[in-house]
Amino acid sequence: MPRFAVVCNPGNRRVALFQDAVRAAGLPPARVVPWLDVLRGEAAFRPGETVRMDSPGEDAEVERLLRAVDDPARVEGTALWYARFTSAVRAVARAAAASGAVLLDDPDDVAVLFDKRLCHAVLDGAGVPVPASPTSGAAAPVVRDWADVRERMAAHGMPRAFVKPAHGSSASGVLAVETAGPGRVRATTSVERDTAGRLFNSLRVRRCTTEREVASIVDALAPDGLHIERWLPKATQRGRAADLRVVVVAGRATHAVVRTSHSPMTNLHLGGERGSLDDVRAAVEAAGSSWVEALAVCERAAACFPDTLCVGVDLLPATGWRRFAVGEVNAFGDLLPGLTGLAGSGAEGLDTYAAQVAAVLNRARNHRATATC
């Protein structure tokens, strides 16, 4: 039977939920390996352990070591965070391989998943529908400032676009930009700027109404890398813009939550609300489309990362509910407390963490059966 080790921030709600799933499966508790130990070069694994990496977020000291910032709410420093985090992930992989442990998250996959430009190119190359982007792929020109953003939006016929930190998460630093001729610019964002010019995350989505204000934020974010995507009009549910977070475990879409908002950002921590999945399925079928095919789009996106057990796919339904695109694929997109599996997914009655434990157990059983044969 698998023996788990989880690389995480001890005490975080994510690891608590995973430990609950491990215990419910009748397995011994997962051995906790703190991210701080990894970053200090002190992490070690045991032969035969199954190693799961979880988010390094929500720990001030880990954030300080990864981004060299004095406040975890700061937005800047994502390029340094990416370099140090991917280095830490590769250190985990080396330590796991040296001890004979099995890793559930591939370091090359993680490196792509945490660079929106690279991830977009991988999805697009695999035929997964994605919003158009002038910054897709490693060969795309670097976005140096707001002038570059405006030039690329105009050149690609994008009066509305999302401008995202290449290595950001949870909508941190994202701007939903709208233009209508010279000087007519506004943006929706959760970024706040203090009197010293530093950028901070806020739980309040606000509107920037002048080009000067938008430019100052973009210029401050650009040195860390920016990704630009066409702003696709979304379908609505009860008058609110809607999208979905779909969790894919071992190649199969197992969980889905509808997120709705009056703002372009549907993230639940920014005031988004859970919508009705039954209503989404009914709207998709009424439009002559297929809910099964919508989930298949998510599975195709996850298939681009075959060596990573679990990803969270942000699925964007177009106006009318007939077509879908993938906005992002998230390495740690499984934090959906209380949500149980989709009917027919094989994860009925299981939360996202229990579904992952079940997938590992199933792999172990298949391995034993193959070895016996």
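1. Helices (H or I, at least four residues) and strands (E, at least two) are DSSP runs, numbered from the N terminus. Thr-50 sits in one such run, strand β3 (residues 49–53). The model is a predicted one, where local features need pLDDT of at least 70, side-chain atom pairs count only at pLDDT 80 or more, and totals for chains, interfaces and linings use all residues. Residues are numbered from 1 along each chain as its sequence is written, and side-chain values use heavy atoms, with hydrogens and water left out.

2. Stay with Thr-50. Is it buried or exposed? Buried means under 20% relative accessible area, exposed means over 50%, and partly exposed lies in between (1.4 Å probe, protein chains only). Thr-50 has a relative accessible area of 8%, so it is buried. Contact means heavy atoms within 4.5 Å. Neighbours within four places in sequence aside, Thr-50 touches Pro-2, Arg-3, Phe-4, Ala-5, Val-102, Leu-104 and Val-360.

3. Next, Asn-12. This residue lies in the loop between β1 (3–8) and α1. Its relative accessibility is 9%, so Asn-12 counts as buried. Which residues does Asn-12 contact, leaving aside its neighbours within four places in sequence? They are Gly-57 and Glu-58. Asn-12 and Gly-57 are 45 residues apart along the chain, and their C-alpha atoms are separated by 9.0 Å.

4. Now helix α1 (residues 13–24). It has twelve residues and spans 17 Å from first C-alpha to last. That is close to the 16 Å expected at 1.5 Å a residue; the expected span is 1.5 Å times one less than the number of residues. Its buried residues are Arg-14, Val-15, Phe-18, Gln-19, Ala-21 and Val-22. They cover an arc of only 160 degrees around the axis, so they lie on the same side of α1. The arc is that of the directions from the helix axis to the C-beta atoms.

5. Arg-23 also belongs to α1. Its relative accessibility is 45%, so Arg-23 counts as partly exposed.

6. Look at α3 (residues 60–67) and α4 (residues 78–99). They pack at an angle of about 100 degrees, with axes 7 Å apart. Axes are lines fitted to C-alpha atoms, for helices over the stretch in contact, and angles run from 0 to 180 degrees between N-to-C directions. So α3 is roughly perpendicular to α4; angles under 35 degrees count as roughly parallel, over 145 as roughly antiparallel, 65 to 115 as roughly perpendicular and the rest as oblique. Glu-63, Arg-64, Leu-65, Leu-66 and Arg-67 in α3 meet Thr-78, Leu-80, Trp-81, Arg-84 and Phe-85 in α4.

7. A second pair is α7 (residues 146–155) and α8 (residues 211–221). Their angle is about 110 degrees, and their axes are 8 Å apart. These helices are therefore roughly perpendicular to each other. Trp-146, Val-149 and Arg-150 in α7 meet Glu-211, Val-214, Ala-215, Val-218 and Asp-219 in α8.

8. Last, two backbone points. Most residues other than glycine have a negative phi. Ala-171 has a positive phi, near 65 degrees. It lies in the loop between β5 (160–165) and β6 (175–179). At 10% relative accessibility, Ala-171 is buried. Ala-250 also has a positive phi, of about 50 degrees. Its loop runs between β11 (240–249) and β12 (252–261). At 44% relative accessibility, Ala-250 is partly exposed.
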